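Welcome! Take a moment to look over the sequence and turn the structure around, and then let us walk through it together.

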Amino acid sequence: MDVLFDGFVDAVKLLLSGDEDSWSIIALTLRVSLTATAIALLVGLPLGAIVALARFPGRRVLLAAANTGMGMPPVVVGLFVTVLLWRSGPLGGLGLLYTPTAMIVAQAAIATPVVIALVAAALQQVDPDFRVQMQALGANRVRAFAALLGEARLPLFAGTMAAFGAVVSEVGAAQMVGGNLVGQTRVLTTAAVLATSRGQFSLAIAFGLILLLIAFGVNLSLTLVQQQRAVPR
């Protein structure tokens, strides 16, 4: 219990002291996680809609692949991205390995299948005749699709929260492609792992508590928007 209490005290000190290293870790965590989530939404939303609404050969295979991707171990994604970005790899010339960009790529790859699968599931729950009715009322395809997204907005918000949760808590891929370099690629999860390996348990707990606070803050914001939109007018 003393270690937990010390961790809580350290977390408060880190947040209030204005320590530059700690705040840079927090800022990078937010930057990487939010950017990866945004990319996953930009890619996963249209792909999920295509899988849910279109009819083409291999559609069920793609849906199964997305569902499988939801449970893919992050270290596998990290290994794949590392091989791609390695000096002798296909994209090694870009020099992205051990940079925040590599971490964003890896985390976006982790979150995208989550978005695709949950978007597809959400859209498949909407009445199949809804889009036809919208088009019959004069809405073009874009407006009909926007209305369809509006009908499925609550599970779509849940998908966004799930995607963010998948990346903000990820450590394996982030450490593999980022290297946990101080001042460059160190985020809260990798900092906590490093502190634990050094026996600095109260510091590791402090990083973990700050990570939970960030996750709670982002998810609270999304939940408030979700529930506000859920209230009938």
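Predicted model: local features only at pLDDT ≥ 70, side-chain atom pairs only at ≥ 80, totals over all residues.

## Before we start

A contact, in this report, means heavy atoms within 4.5 Å.

Residues are numbered from 1 along each chain as its sequence is written, and side-chain values use heavy atoms, with hydrogens and water left out.

## The overall plan

How many helices and strands are there in the chain? There are eleven helices and zero strands. Helices (H or I, at least four residues) and strands (E, at least two) are DSSP runs, numbered from the N terminus. Read from the N terminus, the elements run α-α-α-α-α-α-α-α-α-α-α.

Of the chain's 233 residues, 40% count as buried. Buried means under 20% relative accessible area, exposed means over 50%, and partly exposed lies in between (1.4 Å probe, protein chains only). The chain exposes about 13000 Å², and carbon and sulfur atoms supply 67% of this area. Such accessible areas come from the Shrake-Rupley method with a 1.4 Å probe; for residues, only the protein chains shown count as cover. Among contacts with a separation of 6 or more, 74% are between residues 24 or more positions apart.

## Inside: the nonpolar cores

A nonpolar core is a set of buried Ala, Val, Leu, Ile, Met, Phe, Trp, Tyr and Cys residues joined through side-chain atoms within 4.5 Å. The largest one here has 31 residues, and Val81, Met103 and Val177 touch the most other members. At least two residues of this core come from each of H2, helix H4 (74–85), helix H5 (100–124), helix H8 (153–168) and helix H9 (172–178). H5 gives the largest share, with twelve residues. Apart from this core lies another, of 19 residues, including Leu14, Ile214, Ala215 and Val218.

Now find Ser33, in helix H2 (residues 20–53). Is Ser33 buried or exposed? Ser33 counts as buried because its relative accessibility is 2%. Its side chain reaches the backbone oxygen of Thr29 at 2.9 Å. Leaving aside neighbours within four places in sequence, Ser33 is in contact with Gln107, Phe164, Val167 and Val168.

Which residues make the nonpolar surface patch of about 490 Å²? They are Phe8, Val12, Leu16, Leu209 and Leu212. Patches are made of residues with over 30% relative accessible area and no salt bridge: like charges are joined within 9 Å, and nonpolar side chains (Val, Leu, Ile, Met, Phe, Trp, Tyr) within 5 Å. A salt bridge is a side-chain nitrogen of Lys or Arg within 4 Å of a carboxyl oxygen of Asp or Glu.

Helix H1 (2–17) and helix H11 (201–230) each supply at least two residues of the patch, and the largest share, three residues, comes from H1. An α-helix has 3.6 residues a turn, so residues three or four places apart point the same way. Leu212 sits in H11 and counts as exposed because its relative accessible area is 58%. Elsewhere, Val61 in helix H3 (residues 59–69) is also exposed, at 60% relative accessibility.

## Helix H10 and some positive phi angles

Helix H10 (residues 188–197) is mostly covered, with seven of its ten residues buried. These are Leu188, Thr189, Thr190, Ala191, Ala192, Leu194 and Ala195. Just after H10, Gly199 takes a positive phi of about 80 degrees.

Two residues other than glycine are worth a visit too. Tyr98 has a positive phi of about 65 degrees and lies in the loop between H4 and H5. Asn180, in the loop between H9 and H10, has a positive phi near 55 degrees. Tyr98 counts as partly exposed, at 35% relative accessibility, whereas Asn180 is buried, with a relative accessible area of 10%.

Key
Polar contact = N/O pair within 3.5 Å; in protein donor to acceptor, adjacent residues only side chain to side chain.
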